[in-house]
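Please open the model in your viewer and colour it by chain, so that each stop of this tour can be selected in turn.

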Number of protein chains: 2
Amino acid sequence: MSQHCLRAVLSLVFAFGMLSVNAFEWTEKKSITVGNFKTIQGREIAQMRIGYETWGALNSERTNVVLITHYFSGTAHAAGKYSATDKSAGYWDAIIGDNKAIDTKRFFVISVDTPVNLSAYDEHVITTGPASIDPATQKHYGLAFPVLQVGDFVNAQKAVLEQLGITHLFAIAGPSGGAMQATQWAAMYPNWVSRVIAVIAPGLQLPSYSVAELGLWMEPILRDPNWNHGNYYGKQLPLDGVALALRQVTHSALSMEWEQQFGQKPIMENNLPALSLQHDFLVNGYLQTRGIERATTVDANHFLYTSRAYQLFNVADKIKIIKARFLFIPAKSDRLFPPTLSHQAAQQLKANGNEATVVEIDGGMGHLDGVFKIQLAEAEIKAFLN
Amino acid sequence: MSQHCLRAVLSLVFAFGMLSVNAFEWTEKKSITVGNFKTIQGREIAQMRIGYETWGALNSERTNVVLITHYFSGTAHAAGKYSATDKSAGYWDAIIGDNKAIDTKRFFVISVDTPVNLSAYDEHVITTGPASIDPATQKHYGLAFPVLQVGDFVNAQKAVLEQLGITHLFAIAGPSGGAMQATQWAAMYPNWVSRVIAVIAPGLQLPSYSVAELGLWMEPILRDPNWNHGNYYGKQLPLDGVALALRQVTHSALSMEWEQQFGQKPIMENNLPALSLQHDFLVNGYLQTRGIERATTVDANHFLYTSRAYQLFNVADKIKIIKARFLFIPAKSDRLFPPTLSHQAAQQLKANGNEATVVEIDGGMGHLDGVFKIQLAEAEIKAFLN
C-alpha cells in the first residue's frame, strides 16, 4: 500500500471513528411539530413544537423504550453532553448510559422537553408556550396561551413516541415533576406503561401545601412591574421576579443540613448584618446568585404556566385505571415532598392491587437528592428494570 | 426615697394590685420609657418606650416572677382580655391564669412588647423602632434606627423588670422567637434565670436554613415600590409587600397536614384554576387574606428589623455561661424548627452539665402548635415549675 493510500485509509478510519464517537457520545436535540394539538381543557395549539433527546438504540420490536420525564425547572437533557466543551452532562447521567442503571446498551432512552418549559431561552430547549409566536396573530401568545396540565405534557410526549412508531414503554422514570408526569401516564394510558420509577414524588396528587408553595414561587413574578400581565416580549423582561422565584425554588428544594454550611456568615466579611439591614448573609447571597444566574434562560410566563400545571396534578380518583408496577424513591431530608408522601401512595397502590415498593435515599441535599444523588438508588433501579 | 422605702411602697402597690386582680380582670397595657438605651452594637436610642402586661401578683420577696417572651409576630398580650368586647384572649391564655399551668395564683407573670415589634400600629402595642419619631430630628427613624439583636430585646425586658424591683426570674417561657429570647437571657444573665421553657425553639443558634427563610420573608417588602428604602411614613404604605410577607410567615408556620383541608379547591367554584392563570386555589386565597387582614397593623420596617434580630440569634459559643434548667417543647409537624433542633440543643446543654428535657407535642398545626396547642404540654409545664 502506498504511503498516500495508507494515509487515506487511516483518515477514513479516524473519520469513521470520530463519526461514530460523535453519533454515540454527543447528545443531540431533535424535535417534531404537532399541528392542532388539543389540550385536556379542549383548547387547540396550532403548531406545537416539541424537543426531545435519545440515548441508545430502539430495538426492532420497539419494546425497549424507557421514557425519562424531567423535573420542574429541568429539560430533556437527562444524560450525555451536547459537545466536548460542555462543563457537565445531563442531570441523571450517573444512571443513564452504557452499563449504568438505565443501561443504554439494552434500552432506548428518550426524554422530551415539556411544553411551557421554564428554560425557553436555553439554546438547547425546544418548547411551545406563552413565549412562542401564535401563527394566527404573529405575536407572542403571552397569557392568551391556554393553561396546560400534566396530562398535556404526557400527550406531547406521546406524540413524539408515536412518531417514532413506539406504542409501549418498558418504564417511565422521573424526579419530582417528572414523577407526576410518569404517574399521570400510568393513569391516562395504562396499556402503555409497565413500570414507573417515581423519584421524590408527591404521590397521586399534589398536596395543598405544595399548591401554596408553588403559589408563593409565582408571586415575585406576578409582582414584578416588568411582568406587565404577561406582556413583556420585546420589552424589559421581569428578570428580578424570575430570579427571586428561582431563589425560592432552590431554597425549598434544599435541606436544612445542606444549607447549614453557610452558618450565619455575612456575604462580605466587613459588612456585618448586625450593623446594617443592607448587609446580608452568605446563604442569601448564594441563593440569590443562583437565581440571577439562571433567570436569563427562563421565561417568566413559562414559569407561571409550569407551576399551574403541577398545582393541578391529581390522579387520585383514577387509581383504578393504573396497571403499572411502581418504585418510589423519596429522599429522607426532602422538605417539599417528604418520604411519607411516597409511602402513602405506595399503600394506596398496593390496596389497588398494584406492586409498589419504596426505597429511601439519604444524600443530605433534600429534594435535590432526587436529581444529584440518584446514584444512591442505582442498585434498586437496576433490579426494578430486570 | 430610700431603697427600703421604695421597696415598701412597691410592695404596697403590688399588694393592692393583687387585691384588684379579683375585682378587675381585664389585662392592662403599661409602659416605661428608658432614656439613652444602649444597644448591643453600642448605638444609643434616646427614648425607648417599652410596653408590658402582667398577670397575678408579685410576692414580697419578688421570687415568683415568670417572664413570657413572645413570638415573631406576637406581642406582650399572652393572656387575658383587654375588655369585654375582645373576641379572643391572649395567645397562651390556655396555660396562663388562675390554677392553669402557669398559675397566676402563685406566679407574677409578665410579658413585654419587643422593641421593633411588628404590630407597631396595633393600638395595644407599645414599642420603639423605625416607625418611632427620633427626638433629635422630630422625624420617623426609618432605616436610621440601629439594627437590634435578640440581646437588645432581653435588655428592654430587663429594664422593665428592674423598674419593678425584680432581680430574678423563676422561669422564662416563650414560643419560637420567644424561645430565642429566653435562651439569650440564660446566656446573658445566668444568675437571673433558673428555668427556661423553650417552646418550638431553634436551639442555641438560628440554623442557616432559617436565616434564608427569614430572608425570603423580607423580600416582598424590599421589592414593594412603596417601601422606598424605608421612607414611606406619611406616604402610601407598602401594604402589598407586608401582606405577602405575612402570607409567607403563615405558610411556613403551618403543617402539610393542616393545609390539606383546602385540597385543590378553587377560591370560587366557577373560576377553575385549570381555565385561567387568574383563577387561584383556596389555600392561596386563605393565606393571602390572612396576610392582608394583619398587614394594616404591621410596620414594614419593623418586620425587617425583627427578622434581622432573629437572623443574628446565636448563643452557641456562650453555652458555658448558661446555668438554667431547660424544658424544650417542640411540635412534631413543625417545618420551621423541627423537633430535632430541640433534641440537639438539649444534648448540648446536658453535655454542658445543665438539666434539659424534651417533650414533643403533636397538635397537627406545625410550628403554630407552640402557640395554639400549648395546652398539650400543660402537665409537663406544671411539673417543670414545681
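Begin with the surface through which the copies meet: in this predicted model, 100% of the interface residues of chain B are also interface residues in chain A, so the copies meet through the same surface. Selecting the residues in contact brings up 57 residues from chain B and 57 residues from chain A.

Next, superpose the chains, and chain B can be laid on chain A with an RMSD of 0.1 Å by a turn of 180° and a shift of 0.0 Å along the axis. The two copies are therefore related as by a two-fold rotation axis.

Which residue forms a salt bridge with Glu219(A)? Select Arg247(B), whose salt bridge with Glu219(A) has its closest N and O atoms 3.1 Å apart; between chain B and chain A the count is 2 salt bridges. For polar contacts across the interface, the rule finds 31 residue pairs, both residues being at pLDDT 80 or more.

Finally, switch to a cartoon of chain B and pick out α4 (208–222), α5 (239–253), α6 (256–259), α7 (282–295) and α8 (300–311), each of which supplies at least two residues of the side that touches chain A. Of that side, α4(B) gives the most, with 10 residues. Coloured by residue class, the side of chain B that touches chain A divides into 27 nonpolar, 21 polar and 9 charged residues.

How values were computed
Residues numbered from 1 in each chain as written. Chains lettered and ligands numbered in written order. Predicted model: local features only at pLDDT ≥ 70, side-chain atom pairs only at ≥ 80, totals over all residues. Heavy atoms only, no water. Contact = heavy atoms within 4.5 Å. Salt bridge = Lys/Arg side-chain N within 4 Å of Asp/Glu carboxyl O. Polar contact = N/O pair within 3.5 Å; in protein donor to acceptor, adjacent residues only side chain to side chain. Helix = DSSP H or I, 4+ residues; strand = E, 2+ residues; numbered from the N terminus. Nonpolar A, V, L, I, M, F, W, Y, C, P; charged D, E, K, R; others polar. Least-squares fit on C-alpha atoms with pLDDT ≥ 70 in both.
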